[in-house]
Amino acid sequence: MTNFTFPEGFLWGGAIAANQAEGAYLEGGKGLTTVDLLPTGKKRWDIAMGKLESFTPIEGEFYPSHEAIDFYHRYKEDIALFAEMGFKALRVSISWARIFPNGNDDKPNEEGLQFYEDLFDELLKNGIQPVVTMAHFDVPVHLVETYGSWRNRKLVQFFESYAQTIFTRYKDKVKYWMTFNEINMLLHLPFVGAGLVFKEGEDKNQIKYQAAHHQLVASALAVKACHEIIPDAKIGCMLAAGATYPYTSNPDDYYHAMDKDRESFFFIDVQSRGEYPGYAKRFFKDNDLKIEMEDGDLELLKDNTVDYIGFSYYASRTASTDPEVLKHMTSGNVFGSIENPYLEKSEWGWTIDPKGFRITANQLYDRYQKPLFVVENGLGAVDEVTPEGEIHDDYRIDYLKKHLAEMGEAIQDGVEILGYTSWGPIDLVSASTGEMKKRYGYIYVDKDNEGNGTLERKKKKSFFWYKNVIATNGAEL
Ligand code: BGP
């Protein structure tokens with residue numbers, strides 16, 4: 001028993017994304033999206049960084065998003081399991097290309113609109129609030145091929161019309177929205193975050209920060225439209241968060257760690273405070289970056305800030321300026337962190353740092369003074385099914401328990417948190433590796449890395465644990 005319960009109405013639940021769960025990649029009139037071009041292995045990384053060979057899937061390659069876990073056809077069965085755990089919220093994303101197959105069609109695709117309407121109805125029928133991300137790592141391929149994706153200002157207006165369409169259609173059903181998933185990921189995995197493909201010799205920073213400006217303007221326009229169309233809704237941003245520690249007390253290390261954090265805070269400073277921070281302007285100047293803006297952009301950003309700060313937290317990061325220390329970079333971490341000698345790592349090299357969760361939540365709240373929403377957290381691990389068909393994922397329970405305890409501490413520190421949707425409550429395709437065996441779920445899905453399996457769902461030990469956490473509103477972790 002903890003001596004603390006979470007606030008009344010706390011939104012316990014889980015988070016998934018269209019491209020990692022739905023499958024049915026060309027069904028129901030959906031167009032191709034960037035993620036449908038991501039295979040597994042090294043090629044996936046190369047493309048994620050912006051080296052794309054083809055705008056259509058290549059014969060004989062395996063693309064995990066094409067079937068994913070077939071949530072498109074099985075969502076009722078899956079929602080019944082979430083409801084059995086007592087979920088109050090499910091974070092999903094809408095695939096832009098289900099609504100506008102090319103991203104900028106004259107008319108929306110009714111079948112796509114209907115799919116999400118049915119999905120939201122099913123959630124609401126089960127007492128589960130839909131929390132909807134408008135863009136979770138997928139851009140319609142047509143927009144990449146024709147316009148160069150977010151490097152082009154035109155995307156702003158296409159996104160605005162997508163935003164207006166979905167707000168109008170779902171205004172009575174969806175009250176929690178988020179614009180771009182992990183918006184700062186654009187800097188690290190530019191194809192994943194913004195559909196960016198680079199030509200030889202291009203100034204990548206120039207393109208990335210111009211694309212960032214476009215997404216920030218699009219996000220502000222979405223906030224504006226959401227407030228107009230659904231006045232009782234809340235719309236947030238979404239940051240891949242995780243505090244950066246200095247490796248030593250050397251002021252150079254401290255400053256460098258602060259600078260690394262600002263690389264990410266930059267986005268939220270604009271989305272939440274409504275203006276480009278001084279350190280960003282200096283960075284643009286020092287690096288000779290010229291960000292093209294239109295008249296009215298700065299006012300728009302200022303007048304349309306987000307209602308809450310959505311964030312994912314998996315790990316903290318560590319920074320150093322010492323070339324010797326820099327030889328020990330962690331693997332599997334796109335933020336360029338070095339090894340922290342005080343922390344354990346997951347099988348994929350992500351540090352495990354529950355206290356870092358409390359630190360990160362406090363840092364964000366101190367900085368923005370707006371409610372936070374923890375929309376991703378969890379442990380990616382390999383699960384074994386016993387001959388009896390059971391999955392004893394005590395390591396996952398241990399990870400989550402410690403993180404929830406620290407989240408409770410943060411709340412007692414005075415941090416306002418609306419809810420907690422752990423990542424991948426049902427196993428799904430990993431965004432970074434495309435693997436199935438990197439599992440986060442309370443529900444196991446019978447499918448392997450090569451795409452074999454029955455797709456059958458099974459409850460893991462953590463299913464019953466999380467159910468009790470929710471039933472006791474966090475009093476029993
Ligand atoms: C975040 C993404 C998710 C999700 C998660 C876990 O970056 O928003 O889409 O996948 O990380 O990462 P992975 O799937 O690579 O383990």
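Trainee: Hi! What should I know before I start?
Mentor: Residues are numbered from 1 along each chain as its sequence is written. This is a predicted model, where local features need pLDDT of at least 70, side-chain atom pairs count only at pLDDT 80 or more, and totals for chains, interfaces and linings use all residues.

Trainee: What's the mean pLDDT of the protein, then?
Mentor: The mean is 97, and 99% of the residues reach 70 or more. pLDDT is the predictor's confidence in each residue, from 0 to 100. The model also scores ipTM 0.99 and pTM 0.98.

Trainee: Switching to helices: at what angle do H3 and H5 pack?
Mentor: About 20°, with the axes of H3 (residues 71-85) and H5 (residues 110-125) 10 Å apart. H3 and H5 are therefore roughly parallel to each other, a label for angles under 35 degrees. Helices are DSSP runs (H or I, at least four residues) numbered from the N terminus. Axes are lines fitted to C-alpha atoms over the stretch in contact, and angles run from 0 to 180 degrees between N-to-C directions.

Trainee: Which residues make that contact?
Mentor: Tyr75, Lys76 and Ile79 of H3, with Leu119, Glu122 and Leu123 of H5. Contact means C-beta atoms, placed from the backbone, within 7 Å. By class, this contact has four nonpolar, no polar and two charged residues.

Trainee: What about H14 and H15, where do they meet?
Mentor: In H14 (residues 354-368) and H15 (residues 394-412), the axes come within 8 Å and cross at roughly 30°. Among the residues that meet are Pro354, Phe357 and Ala361 in H14, and His403, Met407 and Ala410 in H15. The classes there are six nonpolar, two polar and five charged.

Trainee: Which residues does H15 use to meet H16?
Mentor: Asp394, Arg396, Ile397 and Leu404 in H15 meet Lys461, Ser462, Trp465 and Val469 in H16. That contact divides into four nonpolar, one polar and three charged residues.

Trainee: And how do the axes of H15 and H16 cross?
Mentor: At roughly 25°, coming within 9 Å, with H16 spanning residues 461-471. H15 and H16 are therefore roughly parallel to each other.

Key:
Helices (H or I, at least four residues) and strands (E, at least two) are DSSP runs, numbered from the N terminus. Two residues are in contact if their C-beta atoms, placed from the backbone, lie within 7 Å. Ala, Val, Leu, Ile, Met, Phe, Trp, Tyr, Cys and Pro count as nonpolar, Asp, Glu, Lys and Arg as charged, and the others, Gly among them, as polar. Angles under 35 degrees count as roughly parallel, over 145 as roughly antiparallel, 65 to 115 as roughly perpendicular and the rest as oblique.
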